[in-house]
Structures are given as C-alpha cells and as structure tokens.
Amino acid sequence: MELIDRHGRVATDLRVSLTDRCNLRCQYCMPAEGLDWLPTEDTLTDDELNRLIRIGVEVLGIRDVRFTGGEPLLRRSLPSIVATTKALPSRPRTAMTSNGLGLKHTAGALAAAGLDRVNISLDTTDPATFERITRRNRLHDVIDGLAAAHEAGLRPVKINAVLLRGINDHEAPDLLRWSMKHEYELRFIEQMPLDAQHGWSREAMVTADETLALLGDHFRLTPLDGRGSAPAEKFLVDDGPHTVGIIGSVTKPFCGDCNRVRLTADGQIMNCLFAREESDLRASMRAGASDVQIAERWAAAMMTKLPGHGIDDPTFLQSDRPMSAIGG
Ligand SMILES: Nc1nc2c(ncn2[C@@H]2O[C@H](COP(=O)(O)OP(=O)(O)OP(=O)(O)O)[C@@H](O)[C@H]2O)c(=O)[nH]1
Ligand SMILES: C[S@@+](CC[C@H](N)C(=O)[O-])C[C@H]1O[C@@H](n2cnc3c(N)ncnc32)[C@H](O)[C@@H]1O
Ligand code: SF4
Ligand code: SF4
C-alpha cells in the first residue's frame with residue numbers, strides 16, 4: 001500500500017506533531033495569551049503514536065519522519081519516540097523542527113536516540129527583536145540550543161526565519177552572515193495564513209522576491225538546481241560554500257511535488273497543511289481497528305488532497321486548526 005493521491009503524488013514524508021503546546025508566542029503563529037491546548041485524553045499516548053508511525057513506515061511507505069509541534073521538545077518522551085522510530089527495520093530518516101529552547105540539555109540524548117538532524121526557528125539575533133516577535137526573552141537559549149545541536153552532530157543544522165515587514169526584514173543580511181559564520185544553513189520562509197489570530201495579510205508578507213532583493217544588495221546569489229520536492233529554493237552565497245534557502249510557500253508554491261502528510265498530536269491525518277478535513281485515526285485505533293484497517297483509512301484520507309493550497313482563490317478559507325496544532 002502507498003499514500004498516493006488523485007493527482008499522482010505519493011506521500012513518503014510524515015510530519016508528526018508531538019504536542020500543540022509551546023513556550024514561545026511567535027506573533028505569526030499564536031496570540032500572546034496562547035491557545036486552548038488539547039485535552040490530555042485526546043492526545044495520543046506514546047504507544048499510540050509509535051504504532052501509527054510504525055504503520056506509516058512499515059505498511060505505507062513513509063521514509064522520512066519529522067517531529068514537530070507546537071514545540072516537540074516539550075514532549076518529555078521525545079528521545080524514546082525517536083529511538084522507537086529509528087529502530088524500525090527500514091530505519092527511516094528522522095528530523096525535528098523546533099524552537100531550540102532546552103535543546104542545550106537534550107541534543108546529545110536525541111542524537112544518541114537516532115535523530116539525524118534539526119531545523120531550528122530563529123528570526124533575528126537581536127535580543128529586543130527576538131522578544132518583540134516571540135514575546136519571550138529567550139534568545140540566548142536558542143543560540144545555546146543551536147550550538148549544542150551542531151556539537152552533537154545533528155547536521156546540517158538549518159535555521160528557519162520568517163521575515164516581518166518593519167520588524168526584522170532589515171536584519172536579513174546580518175542573520176545570513178551570522179548563520180554562515182556558525183555553519184548553519186539559513187532559509188527564509190514566506191509568512192502563510194496559518195496563525196490562530198487570522199492576522200495574515202498579503203501586503204504584510206515579505207515575499208520570496210523581496211527577500212532575494214534584500215539579500216542581493218549584500219551578496220552575490222547563484223541559484224542551485226535539484227530542489228526536488230523540498231520547499232526551499234537554494235542559492236549559493238558569493239563563491240560558496242555556504243547557501244541560503246528561500247521557501248516561497250505562497251508566491252512560489254511547491255504543491256505539485258508535495259510528498260507530505262501530517263499526523264496531529266490528537267491522532268488526525270491531515271493530507272495538506274491547508275486541509276479542511278481530517279481523518280480520525282485515534283478513534284479507529286481506540287475502537288480496536290487492526291493495522292491494516294488503520295492503513296486503509298489513512299490511504300483513503302489521501303484521496304481528498306487538493307492539488308494546491310489555494311491561498312490565491314477567492315474562496316480560500318483558512319484551516320480551523322492553527323499551524324501550531326497541525327504540525328508546521
Ligand atoms: N506550503 C507548505 N509549507 C511548508 C510545508 N512544510 C513546511 N513548510 C514551510 O517550510 C518551513 C520549513 O519547514 P521545516 O519543518 O523546516 O521542513 P522542511 O523545510 O521541509 O525541511 P528540510 O527537509 O530540512 O528542507 C515551515 O516553517 C513551513 O513554513 C508544506 O507542506 N507546505
Ligand atoms: C509551527 S512551528 C513548530 C515547530 C517549532 N515550534 C518551531 O517553531 O520550529 C514550525 C515552523 O512553522 C513556522 N511558522 C509558524 N507560523 C508560520 C506562518 N504563519 N507562516 C510561515 N511559517 C510559519 C515557524 O517559523 C517554524 O519554522
Ligand atoms: S512558530 Fe513554533 S515556537 Fe513559535 S509559537 Fe509557533 S509553535 Fe511556538
Ligand atoms: S500546501 Fe499542501 S499540497 Fe502544498 S506543499 Fe504544503 S502540504 Fe503539500
């Protein structure tokens with residue numbers, strides 16, 4: 001069985017949300033007061049989560065598993081979940097997308113458990129700008145977490161940065177210089193309409209082209225081939241060896257090559273980041289479904305995957321779930 005959709009795309013990359021909770025409050029993601037977190041009884045247990053990952057990998061052809069959230073480091077059992085995933089016979093590639101808080105203390109254990117690499121979100125190296133964007137004074141923790149990840153061999157260490165007009169867009173060249181100095185691979189991401197407050201606007205979004213122009217005043221950027229199904233378009237900076245990535249989710253969508261599927265912390269399959277329907281594997285599992293029955297339900301959920309995110313359609317409706325509860 002494979003996770004094929006009506007447009008011929010096959011999902012082999014599973015993004016698993018370990019929790020919807022977070023210890024930051026990035027303005028493009030969550031309101032200052034946080035959100036109503038999922039009730040504990042609705043959240044998958046470790047055994048349930050491990051079972052669904054195993055079905056994805058062993059029955060449905062998943063080859064890459066990315067742990068995300070919310071903030072995945074808030075799930076205490078993360079090293080054991082990573083180890084269970086990596087111990088599957090096909091040894092799927094494992095990665096984590098995290099804000100890096102506390103990674104200083106866990107990077108070694110995660111590498112030992114079989115985590116291959118990490119992507120860390122960091123929009124600025126200025127403490128005041130960091131606090132303005134995330135509403136928390138924790139820049140030093142992220143910087144320590146990045147260094148610990150690099151030291152533990154969770155490489156390449158990638159950085160995800162969202163540029164906000166008038167807040168950190170002018171810092172883009174400095175962030176790139178800082179990332180290259182530390183051997184981190186920086187990618188700039190276009191802001192998407194996924195925030196819980198529904199505050200996104202096209203005018204406020206710093207586009208991929210604008211980001212390229214901002215960087216182009218300071219660096220010589222040469223496009224690199226071989227993007228495949230990866231969201232980031234890569235550019236060689238000056239004469240290399242460093243690169244910078246631009247993830248133009250809105251203005252340069254990569255949906256035609258999409259190989260992703262998402263499992264939320266409460267056991268719902270979302271066939272797209274912008275899906276308006278979910279498929280409830282937790283209910284099937286708790287009702288006693290077999291592995292094959294669960295796999296069939298999961299495969300069926302792929303059939304309604306839309307060809308693209310449709311942000312430009314006049315009928316576009318933002319998902320009821322915010323990014324933090326989907327598994328961004
Ligand atoms: N439109 C869209 N954007 C995505 C998707 N997955 C990730 N992104 C965007 O890309 C950003 C970076 O995602 P990551 O979690 O670092 O994953 P990635 O870029 O696929 O990871 P790599 O394999 O390391 O390149 C996210 O913050 C999202 O904004 C997706 O399926 N669709
Ligand atoms: C939702 S977070 C979850 C993992 C972790 N908490 C983190 O921040 O890396 C995953 C990624 O989504 C990005 N993100 C959040 N809201 C976004 C938005 N509205 N548009 C684009 N990217 C967004 C973050 O910058 C981060 O890189
Ligand atoms: S982007 Fe990540 S770190 Fe920031 S609030 Fe959302 S989940 Fe938390
Ligand atoms: S928006 Fe949906 S279809 Fe497009 S790349 Fe993301 S998950 Fe895939």
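Biologist: What volume does the second largest pocket have, and which residues are the closest to its centre?

Modeller: In this predicted model, the second largest pocket has a volume of about 260 Å³. Its lining is made up of 16 residues, and those closest to the centre of the pocket are Phe-274, Ala-275, Arg-276, Leu-306 and His-309.

Biologist: How does the lining of the second largest pocket divide by class?

Modeller: The lining of this pocket has 6 nonpolar and 6 polar residues, together with 4 charged ones.

Biologist: Turning from pockets to cavities, how many cavities of 30 Å³ or more does the structure hold, and which residues line the largest cavity?

Modeller: The structure holds 1 cavity of 30 Å³ or more, and the volume of the largest cavity is about 40 Å³. Its lining consists of Leu-163, Phe-188, Ile-189, Glu-190, Val-206, Thr-207, Ala-208, Thr-211 and Ile-246, which divide into 6 nonpolar, 2 polar and 1 charged. Two elements, strand 8 (185–189) and helix 7 (208–216), each supply at least two residues of that lining.

Biologist: How should I read the packing of two helices, and at what angle do helix 1 and helix 9 pack?

Modeller: Two packed helices are described by the angle between their axes and by the distance between those axes. Here helix 1 (residues 46–58) and helix 9 (residues 291–301) pack at about 70°, with their axes 10 Å apart. An angle of 65 to 115 degrees counts as roughly perpendicular, and helix 1 and helix 9 are therefore roughly perpendicular to each other.

Biologist: Which residues of helix 1 and helix 9 meet?

Modeller: From helix 1 come Arg-51, Leu-52, Arg-54, Ile-55 and Gly-56, and these meet Asp-291, Ile-294, Ala-295 and Trp-298 of helix 9. The residues of this contact divide into 5 nonpolar, 1 polar and 3 charged.

Biologist: What should I look for in the backbone, and which peptide bonds to proline are cis?

Modeller: Most peptide bonds are trans, and most residues other than glycine have a negative phi. In this chain, the peptide bond from Arg-155 to Pro-156 is cis, with omega near 0°, and Pro-156 sits in the loop between helix 5 (139–151) and strand 7 (158–162). The peptide bond from Gly-240 to Pro-241 is also cis, with omega near 5°, and Pro-241 belongs to the loop between strand 10 (233–237) and strand 11 (243–247).

Biologist: What is the phi of Arg-91, and where does Arg-91 lie?

Modeller: Arg-91 has a phi near 45°, which is a positive value in a residue other than glycine, and this residue lies in the loop between helix 2 (78–86) and strand 5 (93–98).

Biologist: Finally, how many helices and strands are there in the protein chain, and what radius of gyration does the chain have?

Modeller: The protein chain contains 10 helices and 14 strands, and its C-alpha trace spans about 60 × 45 × 40 Å along the principal axes. For 328 residues, a compact globule would have a radius of gyration near 20 Å, and the 19 Å of the protein chain agrees with that.

Notes
Residues are numbered from 1 along each chain as its sequence is written. Chains are lettered from A and ligands numbered from 1 in the order in which they are written. This is a predicted model: local features need pLDDT of at least 70, side-chain atom pairs count only at pLDDT 80 or more; totals for chains, interfaces and linings use all residues. Side-chain values use heavy atoms; hydrogens and water are left out. Axes are lines fitted to C-alpha atoms, for helices over the stretch in contact, and angles run from 0 to 180 degrees between N-to-C directions. Helices (H or I, at least four residues) and strands (E, at least two) are DSSP runs, numbered from the N terminus. Angles under 35 degrees count as roughly parallel, over 145 as roughly antiparallel, 65 to 115 as roughly perpendicular and the rest as oblique. Contact means heavy atoms within 4.5 Å. Ala, Val, Leu, Ile, Met, Phe, Trp, Tyr, Cys and Pro count as nonpolar, Asp, Glu, Lys and Arg as charged, and the others, Gly among them, as polar. On a 1 Å grid over the protein atoms alone, a cavity is a set of points where a 1.4 Å probe fits but cannot get out, and a pocket is an open set with protein on both sides within 12 Å along at least five of seven lines; lining residues have an atom within 4 Å of a point. Grid points are joined across faces, edges and corners, and a volume is the space filled by probe spheres set on the points. The radius of gyration is taken over C-alpha atoms; the globule rule is 2.2 Å times the number of residues to the power 0.38.
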